[in-house]
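Reader: Please walk me through this model, and tie each label to its criterion.

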Amino acid sequence: MPNLPPKKLRNGTLMGTISQFFQPPLYWQQFEELAVGMLREVYDVPSAQSYGRPGQAQHGVDVYGKSRHGMIGIQCKRLSDLDERGNPYPGGPIDRSFLQTAAREALSFKPDLDIWILATTARRDTRVQGFVDDLNREWEVNRLARRAVVWSWDECISYLNSFPELQRWYYRDVIQIRGADDLDEVILRTIAMAFERPAFEVPLHCETPDEFFQALKDTQQALRTGELVDRESRHVIRKAVGGYREVQNKELRDRLGGLNVQLRQLRSRLEQGLKDGTIRRVNNFLDFVDPSLARSLEDVRDKCRRDLNELLQEANIATI
């Protein structure tokens with residue numbers, strides 16, 4: 001059985017390259033809603049719907065529908081684990097045992113599936129694709145007329161970028177961004193996450209130069225573009241709809257712009273200090289020839305936190 005393609009776009013072309021990152025849904029139910037929307041749009045299945053409810057035996061299927069390619073079933077996998085800030089991780093690992101167990105359960109789904117899709121908020125992984133290829137070869141040997149497919153979050157992003165109606169529906173009905181105020185809040189929350197790093201808490205003389213400058217760079221990037229990367233993996237873990245310049249509230253936008261200026265000044269003064277020798281690298285830590293310079297820079301850094309916390313309080317968002 002061939003690997004059946006999804007529906008083409010209205011101009012007849014297939015999906016293009018990823019042009020915008022989308023934050024995975026925070027909750028499992030939202031991810032299942034997105035899977036329904038993708039099945040409706042990507043495979044042209046108007047009848048796509050959720051199957052059963054949490055707690056019921058679902059036979060390896062959370063979403064299903066009949067397409068021109070036959071019956072399609074989707075199982076959604078999303079971890080509920082939380083990181084140190086209480087936020088859900090973008091996704092979790094899929095091992096061979098999980099895939100085989102889920103696929104075995106899907107064999108009991110009635111009517112028989114022609115395509116079984118494992119949809120996950122984890123990023124694309126060649127190892128997982130190898131598991132899927134092995135599973136398809138096993139089904140072929142056993143003369144099972146079905147095909148397994150994996151939709152990683154990268155595939156979900158591609159579909160969201162390729163189908164404008166799906167993208168609008170995702171923001172409006174799944175993530176529930178209904179207006180300018182909601183968009184402003186998403187951007188502000190992303191910026192707040194960027195500031196929740198040791199670089200904005202520990203004394204400067206306890207900082208390693210490379211890590212500190214990277215933290216400043218990442219925070220500035222989140223502020224200017226809305227894109228936040230993980231400190232260790234360097235993967236994008238959150239993407240707001242643009243940076244502070246996309247904020248609709250002018251007062252909020254201007255104040256965030258001022259915050260961006262402060263960060264730029266802090267970074268410039270540190271770089272200048274390393275150049276002129278007033279700041280040195282000693283045993284991979286920052287050493288200040290003049291202690292008053294360290295206090296001055298810490299004052300600028302602390303002011304950034306205070307100014308941001310004022311904005312968060314006014315927006316009824318937890319401070320950092």
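Author: Accessible areas here come from the Shrake-Rupley method with a 1.4 Å probe; for residues, only the protein chains shown count as cover. By that method the chain exposes about 16500 Å². Carbon and sulfur atoms supply 47% of this area. This is a predicted model, where local features need pLDDT of at least 70, side-chain atom pairs count only at pLDDT 80 or more, and totals for chains, interfaces and linings use all residues. Residues are numbered from 1 along each chain as its sequence is written, and side-chain values use heavy atoms, with hydrogens and water left out.

Reader: What makes Thr-190 buried or exposed?

Author: Buried means under 20% relative accessible area, exposed over 50%, partly exposed in between (1.4 Å probe, protein chains only). Thr-190 has a relative accessible area of 0%, so Thr-190 is buried. Of the 320 residues in the chain, 47% are buried.

Reader: Which residues does Thr-190 touch?

Author: Contact means heavy atoms within 4.5 Å. Leaving aside residues up to four places away in sequence, Thr-190 touches Gly-226, Leu-228, Arg-238 and Ala-240. Thr-190 itself sits in helix α6 (residues 180-195). Helices (H or I, at least four residues) and strands (E, at least two) are DSSP runs, numbered from the N terminus. The chain has 9 of each.

Reader: What lies 3.0 Å from a polar atom of the Thr-190 side chain?

Author: The backbone oxygen of Val-186 does.

Reader: What makes β1 and β5 edge strands?

Author: Two strands pair if DSSP finds at least two bridges between them. The open sheet has 5 strands in the order β1-β2-β3-β4-β5, with mixed pairing. β1 (49-50) and β5 (147-151) each have a single partner strand, so one side of each is left without a neighbour in the sheet.

Reader: How many bridges join β2 and β3?

Author: Strand β2 (residues 63-67) and strand β3 (residues 70-77) pair over 5 bridges, in the antiparallel sense. Val-63 stands opposite Ile-74 in β3.

Reader: How many residues score at least 70, as a percentage?

Author: pLDDT is the predictor's confidence in each residue, from 0 to 100. The figure is 83% of the residues, and the chain averages 82. Over residues 8-18 the pLDDT is below 50, and this stretch has 14 contacts in the model beyond near neighbours in sequence. Over residues 80-91 the pLDDT is also below 50, with 22 such contacts. Where pLDDT is low, the predicted coordinates should not be read in detail.

Technical notes
Polar contact = N/O pair within 3.5 Å; in protein donor to acceptor, adjacent residues only side chain to side chain.
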